[in-house]
Amino acid sequence: MRSVCLLLGVLAAFTPAATLQKLSYEDMVLKSTEIVEGRVVASSSIVRGPVVYTVYRVQVNQKYKGTVGSEIQVAVPGGRYGNLVQDFSGSPSLVEGQNYLLFLWTSKSGLTQVIGLSQGLYRLKQGLSGEAIVSRPAATEAMLDSSGKFVEDTPVTMGYREMVEKIRRTLAVAKQ
């Protein structure tokens with residue numbers, strides 16, 4: 001999985017549009033190194049090789065997988081570093097002050113990123129009846145399933161508690 005995400009990141013650097021591997025919910029849970037809920041408190045940018053990354057500092061409110069502390073830095077391909085500006089198709093954009101449920105993976109280089117680019121980023125907000133919900137829009141980039149066939153992504157909206165229970169059940173089954 002890490003090699004697929006890295007390859008997609010490198011390809012995105014040199015092509016105008018990205019092709020993503022469609023990840024199942026179980027893939028995201030099992031292949032993530034960390035799963036956290038937190039609030040974006042700041043952002044900055046760095047350059048690693050030929051790629052500019054926007055690095056978001058996230059205050060962790062809840063952790064569901066991994067050993068992350070009270071804060072984590074999440075790197076997203078693209079951004080502005082001095083006069084250098086890069087934009088990558090499929091890269092999510094986080095908003096300072098917003099809460100998210102994040103499915104993350106840490107590369108061999110030590111950068112922690114959202115798994116599957118925008119696929120692993122869920123916005124946390126209050127629903128109309130006051131319950132917490134998580135949602136993400138459908139990815140607009142081309143997607144391939146595990147057999148290499150083109151598939152369409154769909155938007156996701158569900159109760160936060162329901163999502164957390166799915167995470168816990170998936171992790172519990174994996175431990176058996």
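Q: In which strand is the place of L84?
A: L84 belongs to strand β6, residues 84-86, where a strand is a DSSP run of E with at least two residues, a helix is a run of H or I with at least four, and both are numbered from the N terminus. The model is predicted, so local features need pLDDT of at least 70 and side-chain atom pairs count only at pLDDT 80 or more, whereas totals for chains, interfaces and linings use all residues. Residues are numbered from 1 along each chain as its sequence is written, and side-chain values use heavy atoms, with hydrogens and water left out.

Q: Why is L84 called partly exposed?
A: Its relative accessibility is 40%, and since buried means under 20% relative accessible area and exposed over 50% (1.4 Å probe, protein chains only), a residue in between is partly exposed. L84 therefore counts as partly exposed.

Q: What makes V47, Y81 and L84 a nonpolar surface patch?
A: A patch is made of residues with over 30% relative accessible area and no salt bridge, with nonpolar side chains (Val, Leu, Ile, Met, Phe, Trp, Tyr) joined within 5 Å and like charges within 9 Å. V47, Y81 and L84 make such a nonpolar patch of about 250 Å², accessible areas coming from the Shrake-Rupley method with a 1.4 Å probe, in which only the protein chains shown count as cover for residues.

Q: Why is T112 called buried?
A: The relative accessibility of T112 is 10%, so T112 counts as buried. T112, found in strand β8 (residues 112-114), touches residues including I72, V74, L104 and W105, not counting residues up to four places away in sequence, where contact means heavy atoms within 4.5 Å.

Q: What makes the pairing of T112 and T106 a polar contact?
A: The definition asks for a pair of N or O atoms within 3.5 Å, one able within protein to donate a hydrogen and the other to accept it, while residues adjacent in sequence count only if both atoms are side-chain atoms. The side chains of T112 and T106 are joined at 2.9 Å.

Q: What makes D153 and K22 a salt bridge?
A: A salt bridge is a side-chain nitrogen of Lys or Arg within 4 Å of a carboxyl oxygen of Asp or Glu, and the closest N and O atoms of D153 and K22 are 2.6 Å apart. The pair links distant parts of the chain, 131 residues apart, with D153 in the loop between β12 (150-151) and β13, and K22 in the loop between β1 (19-21) and α2. D153 is buried at 9%, whereas K22, at 25%, counts as partly exposed.

Q: What makes a group of residues a nonpolar core, and how many residues has the largest?
A: A nonpolar core is a set of buried Ala, Val, Leu, Ile, Met, Phe, Trp, Tyr and Cys residues joined through side-chain atoms within 4.5 Å. The largest has 20 residues, and those with the most contacts inside it are L101, F103, Y122, V134, M163 and I167. Helix α3 gives the most to this core, with 5 residues. Apart from it lies another core of 15 residues, among them I72, V74, L102 and L104.
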